[in-house]
Amino acid sequence: MFTDPGYKGCPFQRATAEVPEDSRINRLAETHRAWVRALFTDLATQSGYADPEGLARQLHLLYDGAQQSARMDHEPSAATTARAAAAVLLDAAAPAPD
């Protein structure tokens, strides 16, 4: 999606930019972000990493940064760059003890 010339960034990020903290929009965005984090955590757990929550936080930051770069910098290679960084993180992450 980042390479689409019409990509406007994360709709949740855009929607929450100017609404009150206790708004329904913020709650929906928080639910979505929790789902993304849980997905990364589940994948890291299933892949046998020692600290799946920590790895998920790192991957989530890459995901967020790639979205922002694709939107703000009009950088279609942001996803490819983030993927390369994720590969480094995955290679460096410790496996769970047997």
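Trainee: Which residues line the second largest pocket?
Mentor: The model is a predicted one. In this model, the lining of the second largest pocket consists of F2, F40, L59, L62, Y63, A66, A79, A82, R83 and A86. The volume of the second largest pocket is about 160 Å³. Helix 3 and helix 4 (78-92) are the elements that contribute two or more residues to this lining.

Trainee: What makes helix 3 and helix 4 roughly antiparallel or roughly parallel?
Mentor: Helix 3 and helix 4 pack at an angle of about 165°, and their axes are 9 Å apart. Angles over 145 degrees count as roughly antiparallel. Helix 3 is therefore roughly antiparallel to helix 4. The crossing of helix 3 and helix 4 is right-handed.

Trainee: Which residues make the contact of helix 3 with helix 4?
Mentor: Helix 3 brings L55, Q58, L59, L62, A66, S69 and A70, and helix 4 brings A78, A79, A82, A85, A86, L89 and L90. By class, the residues of this contact are 12 nonpolar, two polar and no charged.

Trainee: Why is helix 2 called oblique to helix 3?
Mentor: The angle at which helix 2 (residues 24-46) and helix 3 (residues 52-72) pack is about 130°, with 8 Å between their axes. Roughly parallel requires an angle under 35 degrees, roughly antiparallel one over 145, and roughly perpendicular one of 65 to 115; the rest are oblique. Helix 2 is therefore oblique to helix 3. Helix 2 and helix 3 have a right-handed crossing.

Trainee: Which residues make the contact of helix 2 with helix 3, and how do they divide by class?
Mentor: From helix 2 come R33, V36, R37, F40, T41, A44 and T45; from helix 3 come P52, E53, L55, A56, R57, L59, H60, Y63 and D64. The contact of helix 2 with helix 3 comprises eight nonpolar, three polar and five charged residues.

Trainee: What is the volume of the largest pocket, and which residues lie nearest its centre?
Mentor: The largest pocket holds about 210 Å³ of space. Its lining has 15 residues, with C10, F12, Q13, R33 and D64 nearest the centre.

Trainee: Which helix gives the most to the lining of the largest pocket?
Mentor: Helix 2 gives the most, with six residues. Helix 1 (11-16), helix 2 and helix 3 each supply at least two residues of that lining. By class, the lining of the largest pocket has five nonpolar, seven polar and three charged residues.

Trainee: How do you know how the elements of the chain run from the N terminus on?
Mentor: A helix here is a DSSP run of at least four residues. The chain has four helices and zero strands, and from the N terminus on its elements run α-α-α-α. The C-alpha trace of the chain spans about 45 × 35 × 15 Å along its principal axes.

Key
Residues numbered from 1 in each chain as written. Predicted model: local features only at pLDDT ≥ 70, side-chain atom pairs only at ≥ 80, totals over all residues. Heavy atoms only, no water. Axes fitted to C-alpha atoms, helices over the stretch in contact; angles between N-to-C directions. Left-handed = near helix turned anticlockwise from the far one by under 90°. Contact = heavy atoms within 4.5 Å. Nonpolar A, V, L, I, M, F, W, Y, C, P; charged D, E, K, R; others polar. 1 Å grid on protein atoms, 1.4 Å probe; cavity = no way out; pocket = protein on both sides within 12 Å on 5 of 7 lines; lining within 4 Å. Points joined across faces, edges and corners; volume = space filled by probe spheres on them.
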